[in-house]
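Me: I have a structure open and would like to go through some of its side chains. Can we take it in short questions?

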Amino acid sequence: SGNDEPVLAQAVSSKRKQADSAVEEATRECKRMRAEATEEATQTGAKAKEEATQMGAKARDEAKVIMREAREERAALEEEKAAMKKALEEEKAAMEEAHTFQKSRVPLSVGGHRFETSLQTLTAIPDTYLSSLFSGRFDLSPDAEGVY
């Protein structure tokens with residue numbers, strides 16, 4: 001039993017060296033894996049940042065296109081609105097002219113035949129007899145039946 005102690009101590013020492021070696025190997029492997037994970041995380045972060053930058057640039061470009069298209073559409077709508085407003089004003093003027101025509105009927109007796117026209121028609125061509133006669137510069141009165 002006395003001889004067994006040095007053998008036992010040597011076995012324990014050998015096992016301890018093996019354990020220490022395994023711990024050192026595991027520590028190195030952990031450090032290597034941590035370094036790889038850190039490198040991979042750094043690369044992934046850089047890649048994500050690059051992708052985010054590209055996506056932001058693309059979004060800004062798309063926003064510019066959308067804003068330009070919106071401005072163009074608005075300008076087209078403004079032009080259409082102006083054209084429609086002009087058409088409405090022209091239609092109003094035409095209706096006013098028709099209304100004026102209806103309100104300004106002038107009955108005429110020409111050679112015993114009764115005709116009806118408008119003051120606008122009678123004064124449409126300047127420097128004519130009828131234009132001068134119905135211009136308002138002369139005192140002109142209808143007969144008893146209201147005919148000129």
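Me: Is Glu25 buried, partly exposed or exposed?
Reply: Glu25 is partly exposed, with a relative accessible area of 43%. Buried means under 20% relative accessible area, exposed over 50%, and partly exposed in between, using a 1.4 Å probe and protein chains only.

Me: Before I go on, where do these values come from?
Reply: This is a predicted model, in which local features need pLDDT of at least 70 and side-chain atom pairs count only at pLDDT 80 or more, while totals for chains, interfaces and linings use all residues. Residues are numbered from 1 along each chain as its sequence is written, and side-chain values use heavy atoms, with hydrogens and water left out.

Me: Ok, which residue does Glu25 form a salt bridge with?
Reply: Arg28, with the closest N and O atoms 2.7 Å apart. A salt bridge here is a side-chain nitrogen of Lys or Arg within 4 Å of a carboxyl oxygen of Asp or Glu. Both Glu25 and Arg28 lie in helix 1, three residues apart, about one turn of the helix. Helices (H or I, at least four residues) and strands (E, at least two) are DSSP runs, numbered from the N terminus.

Me: How many salt bridges does the rule give?
Reply: Six. One of them joins Glu116 and Arg105, at 3.6 Å between the closest N and O atoms. Glu116 is in strand 2 (residues 113–118) and Arg105 in strand 1 (residues 105–110), so this pair ties together parts 11 residues apart in sequence.

Me: New topic. How many aromatic pairs are there?
Reply: One aromatic pair. The ring centres of Phe134 and Tyr148 are 5.4 Å apart and the planes are at 80°, so the pair is edge-to-face. Rings of Phe, Tyr and Trp (its six-membered ring) pair if their centres lie within 6.5 Å; planes under 30 degrees apart are stacked, over 60 edge-to-face, and the rest tilted.

Me: Which residues does Ser131 touch, leaving out its neighbours within four places in sequence?
Reply: Leu122, Thr123, Ile125 and Pro126, where contact means heavy atoms within 4.5 Å. Ser131 is in helix 3 and counts as buried at 10% relative accessibility.
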